[in-house]
Amino acid sequence: MRNVQFTETVLRDANQSLIATRLPYSKFEPILTTMDQAGFYAVECWGGATFDVCLRYLHEDPWERLRKIRSHMPNSKLQMLLRGQNVLGYKHYPDDFVKKFVQKSVENGIDIIRIFDALNDLENLKVAIEETLRCGAIASGTISYTTSPVHTQENYVKMVKELKEMGVQTICIKDMAGIMGPQEAYNLVSAIKDAVDLPVDLHTHSTTGLAFMTYLKAVEAGVDIIDTAISPFSGGTSQPATETMAYALRQLGYTVNVDDKALIKMADFFKPIRNEYLKDGTLNPISMSTDTQCLTYQVPGGMLSNLLSQLKMMNALDRFEEALVETPKVRKDMGYPPLVTPTSQMVGVQAVTNVLTGVRYEKVSSEIKAYCRGEYGKTPAPIDPEVQKKILGDEKPLEGRYADTLEPIFEKTKEQLAGVARCDEDVLSYIAFPQLAEKFFEERKAREENVATYCIEEA
Ligand code: CO
């Protein structure tokens, strides 16, 4: 029977979805050797919010974290998530930064780069994919999955064929909101497998409760890899449990090469850590439960809570229903972007503003303006021309790729940081998160000076 492979997400997505990436390196180091022998296709461990949180809250150098993971996991493929031309941030960067970031990620230990774009604009994936391939790593071309009149199976298949042309070695279907149902998974995976002979990986979240069923039907349709999290960090806004999927798939006659003894060790290791975070409030039990609102409103869970808190701040909670109705309308006007960072925030804020001002698009954020100018790339469907005209006035939208209008940034920043940055990795951290990196560099220096004084006294 066919073999199904697993990508373990506990170090990245599960950690991000359940406890806002607060797991420090020191906490999971003791389990890395076991994980290295567990037989996963890959271990997702970097990207997404890791960088931001390492620098902002954990006083960790994200690059050093990656090197340490690499040294404890010599046998595993380490995977990271990259937002195409946005790299790890919320805006587009010039190509020299994207390339240098990819180079250094691979040099520091990354084997697989999962590359996606919030709008599924291939122009935003191109540079990152080319550079990944040039560096000898695996480029996983990713679809940001959403539903809309223009997000048809046909269009997804077209995208996958183009990704293959671009040289990606695997395809990932990324259902960040957990809205893909079992039948949709079956149809889409079948269509993709028919169209290209590449391994297909399905990534979903348990948020709405569909995930186990969705994986099962995806496997039936021929999916090669599924993303799961070790049980104590599974479920809810995280991924389905690794052990449960392995158990069910074996029962159905599939070959699963994960090592059960290693999984038990991992679960035993992460259970007390989970309990500790539950106790101190880092882990909210609500994140571990099922929430079907997203299926009713087609608005991801995180976005609903943002809408609520925004209205509460403005003392307008009674307008919630209106804002909820307005959200899909704004999304339609904007050309049906998948609702994922940063488009979810942009659309949500605009919907609330439209409701509260009473005149649609009278007030717009600078991000929405930039979006309408084309600075985030090509939208899935055209932006409503009247809305675009109202927002941009006489200004003409961009033709071509926004990144082409940006000046190279790496060498210039490196010169600026002479004496502060110790290596190219420092420069990259600074370009991605200037204030956070600056603070981190200062802290690091202070820490070392303390250690140095201490050593001298000891001598
Ligand atoms: Co995810």
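Hi everyone, let me start with the charges: the structure holds 31 salt bridges. Please keep in mind that this is a predicted model.

One of those bridges is between Glu44 and Arg114, whose closest N and O atoms are 3.8 Å apart. I like this pair since it links distant parts of the chain.

Now let's step back to the whole chain. You are looking at 21 helices and nine strands. The radius of gyration is 22 Å, close to the 23 Å that the globule rule gives for 459 residues, so the chain is as compact as a globular protein of that length.

How is the protein chain divided into domains? Domain 1 covers 5-280, domain 2 covers 292-403, and domain 3 covers 409-458.

For the rest of my time, I'd like to stay with domains 1 and 2. Their C-alpha centres lie 27 Å apart, and the contact takes 26 residues from domain 1 and 25 residues from domain 2. Between them, the two domains bury about 2,100 Å², with 66% of that on carbon and sulfur atoms. Which residues of domain 1 lose the most area to domain 2? They are His92, Ala118 and Leu119, and together they make up 28% of what the domain 1 side buries.

What about polar links across this interface? Seven residue pairs are in polar contact there, both partners being at pLDDT 80 or more. Looking at where the domain 1 side comes from, helix α7, residues 123-134, gives the largest share of the surface touching domain 2, with three residues. By residue type, that side divides into twelve nonpolar, eleven polar and three charged.

And to come back to charges: how many salt bridges are there between domain 1 and domain 2? The count is one. While you have the structure open, have a look at Asp95 and Arg401 too, whose side chains meet in a salt bridge at 2.6 Å, N to O.

Methods:
Residues are numbered from 1 along each chain as its sequence is written. This is a predicted model: local features need pLDDT of at least 70, side-chain atom pairs count only at pLDDT 80 or more; totals for chains, interfaces and linings use all residues. Side-chain values use heavy atoms; hydrogens and water are left out. Domain bounds come from an automatic or database domain assignment. Contact means heavy atoms within 4.5 Å. Buried area is the accessible area (1.4 Å probe) that two parts lose on being put together, summed over both. A salt bridge is a side-chain nitrogen of Lys or Arg within 4 Å of a carboxyl oxygen of Asp or Glu. A polar contact is a pair of N or O atoms within 3.5 Å; within protein, one must be able to donate a hydrogen and the other to accept it, and residues adjacent in sequence count only if both atoms are side-chain atoms. Helices (H or I, at least four residues) and strands (E, at least two) are DSSP runs, numbered from the N terminus. Ala, Val, Leu, Ile, Met, Phe, Trp, Tyr, Cys and Pro count as nonpolar, Asp, Glu, Lys and Arg as charged, and the others, Gly among them, as polar. The radius of gyration is taken over C-alpha atoms; the globule rule is 2.2 Å times the number of residues to the power 0.38.
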